[in-house]
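Student: I have not seen this structure before. Please take me through it by question and answer.

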Amino acid sequence: MGSITLEQVCKSFGEVEVIPGVDLQIEDGEFVVFVGPSGCGKSTLLRLIAGLEDVTSGRIVIDGQDVTVAPPSRRKLAMVFQSYALYPHMSVRKNIAFPLKMAGLSADEQERRVQHAAGILNLTDYLDRRPGQLSGGQRQRVAIGRAIVREPSAFLFDEPLSNLDAALRVNMRVEISELHKKLATTMIYVTHDQVEAMTMADKIVVLRAGRIEQVGSPLELYRRPANRFVAGFIGSPNMNFLEGEAAARLGAHAIGVRPEHFRLSMSEGAFAGRVGVAEHLGSDTFLHVDLDDGTHVVARAEGEFPASHGDRIHLTPQDGRLYRFDQNGSAL
Amino acid sequence: MATRHQKTLARLMVSPSVLLLLGWMIVPLAMTLWFSFQSYNLLSPGMEQFIGWTNYQYFLSDPAFWTAMRNTLLLVGGVLVITVGGGIALALLLDQPMFGQGVVRILVIAPFFIMPTVSALVWKNMFMNPVNGLFAWFAKAVGAQPIDFLAQYPLMSIILIVSWQWLPFATLILLTALQSLDSEQMEAAEMDGAGTLAKFTHLVLPHLSRAITVVILIETIFLLSVFAEILVTTNGGPGYQSTNLTYLVYSQALLQFDVGGASAGGIIAVILANIVAIFLMRMIGKTLE
């Protein structure tokens with residue numbers, strides 16, 4: 001079991017308040033992603049849950065037990081670090097068996113669990129190698145193996161894919177998602193990459209400056225962002241924001257339209273502008289458009305759209321796909 | 001060195017320094033070898049003659065030689081144990097965040113800057129002296145009989161003095177090695193349930209093994225030839241109790257004026273040092289790779 005509850009968790013480093021007070025409920029078996037720009041406190045929040053940092057005030061409850069002051073080893077959590085943090089002088093087998101050895105399990109039981117974990121992660125052929133002899137993706141799997149042998153109540157991932165190249169990152173993303181389906185254990189995953197958040201999460205927690213901006217499923221956040229920050233952060237390419245007259249006409253300080261929610265036309269539409277850069281990917285076409293009022297927007301057309309640099313183009317937001325925000329950035 | 005042309009050029013460029021160093025080493029060695037086969041005593045000048053292996057026979061059959069051998073090994077071994085052990089402990093302490101870290105670190109490193117003769121004299125007169133020394137004062141303060149360190153435990157006293165000099169060196173190298181230990185590894189071990197001791201034996205010690213190797217290698221080279229500390233404190237005595245090989249060669253040459261015998265001793269010391277070096281490199285080569 002692995003339900004985790006945070007109650008008014010605060011963290012200050014000296015004078016600097018990094019997390020001013022967070023309430024969060026994580027259900028057993030959920031895949032929760034903390035996402036936000038760098039420096040938003042998402043890693044700190046994860047380290048608070050892990051017990052690697054002490055909370056300044058507030059309570060952390062895991063499975064009904066108050067673990068606010070418990071050392072990391074007592075919390076029954078396993079963590080995968082950004083640098084993998086493998087022990088360089090130990091073989092893969094010894095790395096994976098290390099937590100079991102520390103727990104005082106018999107050699108037979110250690111070997112059985114290591115073999116099981118290696119089977120799940122396709123590491124059986126590499127058990128006698130040192131971490132230095134492995135590729136990035138394999139090291140990543142060893143780090144995950146070291147986490148799963150302990151059969152923890154929850155896994156914590158601290159930006160685990162940021163050291164991998166793009167192709168491998170996509171593979172590992174799928175592997176981690178599959179692992180979650182297989183193990184059905186609570187996972188908390190920290191990333192600054194909204195694509196990882198959208199593809200993997202059951203529940204996304206968007207953080208900014210230590211505060212939770214919004215919590216919800218990926219599509220909830222996509223469809224109903226609570227404010228301008230979440231709207232701009234979720235979705236790729238980012239949402240376009242228009243201010244001034246166009247927004248005032250709709251009774252808002254700013255309006256937002258996602259690139260994929262524009263209808264494009266060469267002859268007529270709500271907004272007109274000139275195409276700056278046209279990116280033709282085959283499956284999609286991304287047009288960077290400078291509107292007549294000076295605003296820069298990105299529009300996505302499906303398939304091949306015949307527009308090139310300098311063309312005049314007209315954009316119309318699709319019905320019901322337009323977001324309105326007030327002065328403070330909250331959604332109307 | 002990619003091409004043959006570059007290789008030749010590189011050899012040409014380093015050759016002056018190689019030749020200079022080689023000459024610097026080969027001339028004294030050749031002269032020592034030459035003297036070691038001569039009957040050459042400073043008290044009877046002009047009587048030099050070739051006498052074959054006799055010098056070696058006399059030096060090796062001298063009972064002082066085996067005592068000196070034993071003392072040399074005890075001195076090197078004892079100092080290594082104390083400096084490596086103490087160095088690890090001090091490095092661990094100095095690695096902790098504390099008030100006045102910079103000043104404390106400089107204080108710890110200070111003994112390394114003091115020349116051997118001075119530090120040995122300070123120890124001899126201010127600490128170990130049975131009348132005026134600090135240790136004697138402590139002993140008298142608790143009503144005990146002061147110990148005359150240099151007379152009763154001469155070799156141990158010298159080991160202590162030399163260790164005090166070399167402890168900063170070991171501490172410094174081990175501290176820098178300790179600071180390069182990845183903090184995420186320590187955190188991972190903490191998450192894995194490792195206690196302080198387990199973290200030390202499974203993470204810190206293996207991480208330090210390379211630095212420990214370097215400390216042992218460098219210290220051994222210098223400790224085989226400890227001399228000044230012995231000269232200014234015990235003069236190798238009482239008897240031969242604190243005479244090491246270096247000091248024995250010195251006494252042969254400059255107290256008994258037997259240059260031939262001393263040269264033979266010097267050559268034997270060179271051979272022994274090389275044997276030690278071979279063993280060390282074998283043992284240590286694995287960790288250095």
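This is a predicted model: local features need pLDDT of at least 70, side-chain atom pairs count only at pLDDT 80 or more; totals for chains, interfaces and linings use all residues.

Student: How many helices and strands does chain A have?
Tutor: Chain A has 332 residues, and 40% of them are buried. The C-alpha trace of chain A spans about 75 × 45 × 30 Å along its principal axes. Its secondary structure comes to 9 helices and 18 strands.

Student: How far apart are the C-alpha centres of domain 1 and domain 2 of chain A?
Tutor: The domain assignment divides chain A into domain 1 (4-232) and domain 2 (239-325). Between the C-alpha centres of domain 1 of chain A and domain 2 of chain A the distance is 38 Å.

Student: Which classes of residue make up the side of domain 1 of chain A that touches domain 2 of chain A?
Tutor: The contact joins 4 residues of domain 1 of chain A to 5 residues of domain 2 of chain A. By class, the domain 1 side has 2 nonpolar, 1 polar and 1 charged residues.

Student: What share of the contacts in chain A with a separation of 6 or more comes from residues 24 or more positions apart?
Tutor: The count takes in contacts in chain A with a separation of 6 or more. Among these, the share from residues 24 or more positions apart is 64%.

Student: Why does the span of helix 4 of chain A agree with its number of residues?
Tutor: Helix 4 of chain A runs over residues 136-148, which is 13 residues. At 1.5 Å a residue it should span 18 Å. The agreement holds because its end C-alpha atoms are 19 Å apart.

Student: Which elements are included in what covers the buried residues of helix 4 of chain A?
Tutor: In helix 4 of chain A, 10 of the 13 residues are buried. Among them are A:Arg139, A:Val142, A:Ile144 and A:Ile148. The cover includes strand 6 (77-80), helix 2 (92-102), helix 3 (107-120), strand 7 (154-158) and helix 5 (166-183) of chain A.

Student: What percentage of residues 69-280 of chain B is helix?
Tutor: An unreviewed UniProt entry annotates these residues of chain B as "domain: ABC transmembrane type-1". The end C-alpha atoms of the stretch are 18 Å apart.

Student: How far apart are the end C-alpha atoms of residues 155-178 of chain B?
Tutor: The unreviewed UniProt entry lists residues 155-178 of chain B as a "transmembrane region", and residues 253-280 as another. Residues 253-280 of chain B are 89% helix, with end C-alpha atoms 30 Å apart. Residues 155-178 of chain B are 100% helix, and their end C-alpha atoms lie apart by 32 Å.

Student: On which residue is the kink in helix 10 of chain B centred?
Tutor: A straight helix of 28 residues would span 40 Å at 1.5 Å a residue, but helix 10 of chain B spans only 33 Å. Helix 10 of chain B has a kink of about 45°. The kink is centred on B:Ser209.

Student: Which helices do the buried residues of helix 10 of chain B pack against?
Tutor: The buried residues of helix 10 of chain B include B:His202, B:Leu208, B:Val215 and B:Glu219. They pack against helix 3 (63-94), helix 8 (154-179) and helix 9 of chain B.

Student: Which helix gives the most to the side of chain B that touches chain A?
Tutor: The contact takes 13 residues from chain B and 15 residues from chain A. On the chain B side, the elements giving two or more residues are helix 9 (183-191) and helix 10 (196-223) of chain B. By class, this side has 6 nonpolar, 2 polar and 5 charged residues. With 6 residues, the one giving the most is helix 9 of chain B.

Conventions:
Residues are numbered from 1 along each chain as its sequence is written. Chains are lettered from A and ligands numbered from 1 in the order in which they are written. UniProt positions are given in the numbering used here, feature names are shortened, and annotations may be inferred rather than shown by experiment. Helices (H or I, at least four residues) and strands (E, at least two) are DSSP runs, numbered from the N terminus. Domain bounds come from an automatic or database domain assignment. Two residues are in contact if their C-beta atoms, placed from the backbone, lie within 7 Å. Ala, Val, Leu, Ile, Met, Phe, Trp, Tyr, Cys and Pro count as nonpolar, Asp, Glu, Lys and Arg as charged, and the others, Gly among them, as polar. A residue is buried if 20 or more other C-beta atoms lie within 10 Å of its own, exposed if 12 or fewer, and partly exposed in between; C-beta atoms are placed from the backbone. The expected span of a helix is 1.5 Å times one less than its number of residues. The bend at a residue is the angle between axes fitted to the seven residues ending there and the seven starting there.
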